[in-house]
Structures are given as C-alpha cells and as structure tokens.
Amino acid sequence: MENFQFCIGTNILFGKGQITRLSEVVKPYGKRILLTYGGGSIKRIGLYEKVRELLSDCEVYELNGIEPNPRLASVEAGVCICKEHGIEVVLAVGGGSVIDCSKAIAAAAVYEGSAWELITSATPIQKALPLIAVPTMAATGSEMDAGAVVSNPQTKEKRSFFSPHILPKASILDPIYTFTVSAYQTASGTADILSHLLEQYFSAKTTFMSDLMVESVMKTVIRYASIAIAEPDNYEARAQLLWASNIADNAMLCCGNKLCVFGVHAMEHELSAYYDIPHGVGLAILTPRWMRYVLQKSPEVVTPRFAHFARAVWSVEETDDTIVARQGIEMTEHFLRNLGIQAKLTEVGIGTEHFEAMAEHCVATESVGYAWIPLDKDDIIRIFTMSL
C-alpha cells in the first residue's frame with residue numbers, strides 16, 4: 001500500500017431542500033458574490049430565483065453563458081468581474097463545466113499574470129477565492145475535487161490543472177435539480193463517471209480495499225443509469241448517480257493505490273479541444289477501443305487485470321482469463337452503447353484530419369508515456385483510427 005495524504009475540505013450538503021442552507025455556507029466567506037452559470041437551465045427549473053432569493057441581502061454579480069467545454073474567454077470575463085467589483089466568493093451553479101470554469105476564475109482573480117498562463121504553468125497555484133458549488137448534473141464530480149479543465153479555442157488546447165486551493169469550500173447536492181437533465185446528457189455524464197472509476201482501477205498497483213470500493217460504485221452506476229434515463233424524475237436513481245459522480249473523482253476510492261496517467265482522458269481532451277464534443281461522449285467512444293488496444297499491446301499485464309474486472313463488475317464466470325478479459329470489454333462497450341450516445345468518431349463529425357497533431361500534443365502535455373500501459377504518438381493515432 002502506497003503512502004498518501006487524504007484531506008477533503010469540502011462541506012457536502014446532500015439531499016432534498018439543502019439549497020435552503022445556501023446563505024449559511026456562503027456568507028462566512030463574504031457578501032460580494034460572483035454567481036456563475038451556463039445556458040439558462042437553472043432559470044427554467046427555478047433554481048436561479050431560489051438562489052437570488054436566499055442571497056437577497058448580498059451584492060451579487062453574474063457571469064452566465066459558460067460553455068459545456070468551458071472556454072478561456074469565459075474565465076477571463078469572470079476574472080474581470082472579480083477584480084472590478086472586489087468579489088469575495090464565487091458561487092458556481094450548474095454542471096461540471098460551470099464549476100471548472102469557476103475554479104479557474106477563483107484562482108486567476110488573485111493572480112498577477114494571465115489566466116491561461118496560470119492554467120498552463122508548472123508553478124503551483126498559491127491561492128484562490130473561496131468557491132461554493134451547486135451541481136445540477138451527475139458527471140465530473142468537480143464539486144468535490146481539486147482539478148479542472150479549460151479550453152482555449154485559439155490554440156486548440158484543453159488543459160487540466162490542479163490545486164487544493166480550488167477545492168470548493170462547500171457543495172450543495174440536491175438530486176431534484178438533476179431531474180431535467182436530458183437522457184443524452186445523463187448518458188454522457190454516466191460515461192464520465194465510469195471513466196473516472198476506470199482510471200483509478202486500471203493502474204500500476206491497487207489495493208484490495210480500493211478495488212472493492214471502485215467496483216461497488218461501478219455497479220451502482222451500471223444499475224441506476226438506465227433507470228435515470230428511462231425515469232428522469234426517479235429520485236433514488238438520480239441520487240445514486242449524483243453521489244457516485246461525487247465520490248468517483250476525489251481520490252476517496254484510491255488511497256494507497258499507485259496511480260498513473262489515464263490515457264483515455266488524455267486522448268479525449270484532444271478530441272473536445274478540436275471538435276467541442278461532449279466530454280462523456282468522447283470517453284464512451286474511446287474507452288472500449290483503448291481497452292482492446294492495450295490488451296493486444298501488453299497482454300501479460302492487461303489480461304489478468306481485465307479478467308478480474310470482468311468477473312468482479314460484470315459477473316463473468318468463464319475460467320479462461322483471455323476469454324474473460326475480452327468479454328469484459330464487450331460488456332463495457334454494450335453498456336455504453338445502450339446509453340444511447342454515439343459509438344464512433346465519425347458519428348460526431350470527427351475524421352482523420354487532425355489525428356497526428358492531436359497525438360503529438362497529447363504526448364507533449366499529458367504525460368501518457370507514464371500511463372499504466374504507456375502510450376506514444378503512434379499508439380494514440382491507432383486508437384483514434386480504431387474509433388472511427
């Protein structure tokens with residue numbers, strides 16, 4: 001078991017009606033607030049009005065229209081508001097993209113240089129404005145982790161950054177606010193949750209305990225995703241997915257593991273940087289192809305692990321590890337396809353035209369040479385090609 005430090009400082013308020021405690025968690029950090037949100041769904045479900053009502057005695061400024069793959073321009077706009085009005089706390093209400101964008105705003109608002117310099121620099125982030133999150137979608141788990149991604153359309157880059165300073169101080173999770181998430185978005189979010197779980201599970205060294213915990217959350221996602229898609233107002237299904245997304249990406253499940261880069265996430269960042277596709281859709285397309293590729297590339301390492309996964313998660317009973325490993329891939333692919341999202345890159349408008357540039361950038365910026373099964377430029381191009 002590897003050494004680790006585990007300290008999650010996010011106060012989680014989970015369940016029906018917890019939004020009424022918004023003032024209680026926001027005001028200790030200040031009363032000049034930047035409210036960030038996306039395309040207006042929070043107004044359609046009545047959450048916007050509720051937030052404004054609960055913070056009626058505060059000085060609230062707004063940044064709306066944050067994109068599904070948050071862009072640098074939105075970060076810069078938020079930073080301008082923060083600096084102009086002396087913002088004391090950032091309140092992100094929306095999906096993972098809104099929360100990620102808000103993390104970048106919170107850090108860049110107290111940074112002397114440019115926001116993009118801060119995001120791409122190897123220098124650790126030193127401080128950030130306090131951030132409160134109210135997620136409205138089960139997907140990234142950004143409401144309880146210390147990472148974020150931001151896209152720069154000018155450079156065709158989607159870059160991730162991490163710091164304990166951008167970890168939300170508190171997050172309010174009410175499954176009811178996810179009822180209106182479309183079947184397509186629910187499916188995309190499910191693929192994202194599953195990918196976060198797989199990246200902790202397929203690594204150089206795991207522990208008995210972490211395997212069991214990750215497997216239990218995978219089974220939870222598999223059980224409830226189809227219910228949430230078929231019955232969007234099923235509270236139990238929505239609650240299970242929302243909590244699964246929350247704990248799938250905050251290191252709670254993998255303490256003691258020897259973690260490494262996950263190539264699927266790294267490759268998908270290139271796809272959504274160039275083509276602005278939903279992150280979860282890209283992950284769903286790439287995941288089974290990556291599984292088949294690494295099984296072929298390093299069968300001696302991958303076969304026993306994939307076989308363990310197939311037996312533990314999919315209850316495959318075949319005794320031959322090679323057969324079991326392949327069945328696990330097939331069942332994973334079948335699950336992702338049954339979610340109702342695209343199965344191939346060509347179905348989301350992606351061809352071969354940028355494969356080489358994306359693969360080069362992925363190797364240069366995402367450290368995929370240090371993945372569980374190391375990937376180079378040619379490996380990535382082959383996986384992209386398999387995904388067409």
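Biologist: Before we look at Arg292, what does partly exposed mean here?
Modeller: Buried means under 20% relative accessible area and exposed means over 50%, with partly exposed in between. Arg292 has a relative accessible area of 32%, so this residue is partly exposed. Please keep in mind that this is a predicted model.

Biologist: Which residue forms a salt bridge with Arg292, and how far apart are the closest N and O atoms?
Modeller: The partner is Glu333, and the closest N and O atoms are 2.6 Å apart. This pair links distant parts of the chain, since Glu333 belongs to helix 13 (residues 321-338) and Arg292 to helix 11, 41 residues apart.

Biologist: Is Glu333 buried or exposed?
Modeller: Glu333 is buried, because its relative accessible area is 17%, which is under the 20% limit.

Biologist: And helix 11 itself, where does it bend?
Modeller: The bend is at Leu286 and amounts to about 30 degrees; a proline, Pro288, follows within four residues. The helix covers residues 279-297 and reaches 26 Å from its first C-alpha to its last, close to the 27 Å expected at 1.5 Å a residue.

Biologist: How many of the residues of helix 11 are buried?
Modeller: The count is 16 of 19, and helix 11 is therefore mostly covered.

Biologist: Back to charges. How many salt bridges does the structure hold?
Modeller: There are 18 salt bridges. One of them joins Arg311 to Asp321, with 2.9 Å between the closest N and O atoms. Here too the pair links distant parts of the chain: Arg311 is in helix 12 (residues 299-314) and Asp321 in helix 13, 10 residues apart. Arg311 is partly exposed at 32% relative accessible area, and Asp321 is partly exposed at 31%.

Biologist: What about Arg382 and Asp379?
Modeller: Their side chains meet in a salt bridge of 3.7 Å, N to O. Because the two residues lie three apart in helix 15 (residues 377-386), about one helical turn separates them. Arg382 is partly exposed, with a relative accessible area of 44%, whereas Asp379 is buried at 4%.

Biologist: Changing topic, which residues make the nonpolar surface patch of about 350 Å²?
Modeller: Met1, Phe4 and Phe6 make that patch. Phe6 sits in the segment before strand 1 (11-14) and counts as partly exposed at 39% relative accessibility.

Biologist: Where is Asn3?
Modeller: Asn3 is in the segment before strand 1. With a relative accessible area of 79%, Asn3 is exposed. Its C-alpha atom is separated by 8.2 Å from that of Cys255, 252 residues away along the chain.

Conventions:
Residues are numbered from 1 along each chain as its sequence is written. This is a predicted model: local features need pLDDT of at least 70, side-chain atom pairs count only at pLDDT 80 or more; totals for chains, interfaces and linings use all residues. Side-chain values use heavy atoms; hydrogens and water are left out. Patches are made of residues with over 30% relative accessible area and no salt bridge: like charges are joined within 9 Å, nonpolar side chains (Val, Leu, Ile, Met, Phe, Trp, Tyr) within 5 Å. Accessible areas come from the Shrake-Rupley method with a 1.4 Å probe; for residues, only the protein chains shown count as cover. A salt bridge is a side-chain nitrogen of Lys or Arg within 4 Å of a carboxyl oxygen of Asp or Glu. Buried means under 20% relative accessible area, exposed over 50%, partly exposed in between (1.4 Å probe, protein chains only). The expected span of a helix is 1.5 Å times one less than its number of residues. The bend at a residue is the angle between axes fitted to the seven residues ending there and the seven starting there.
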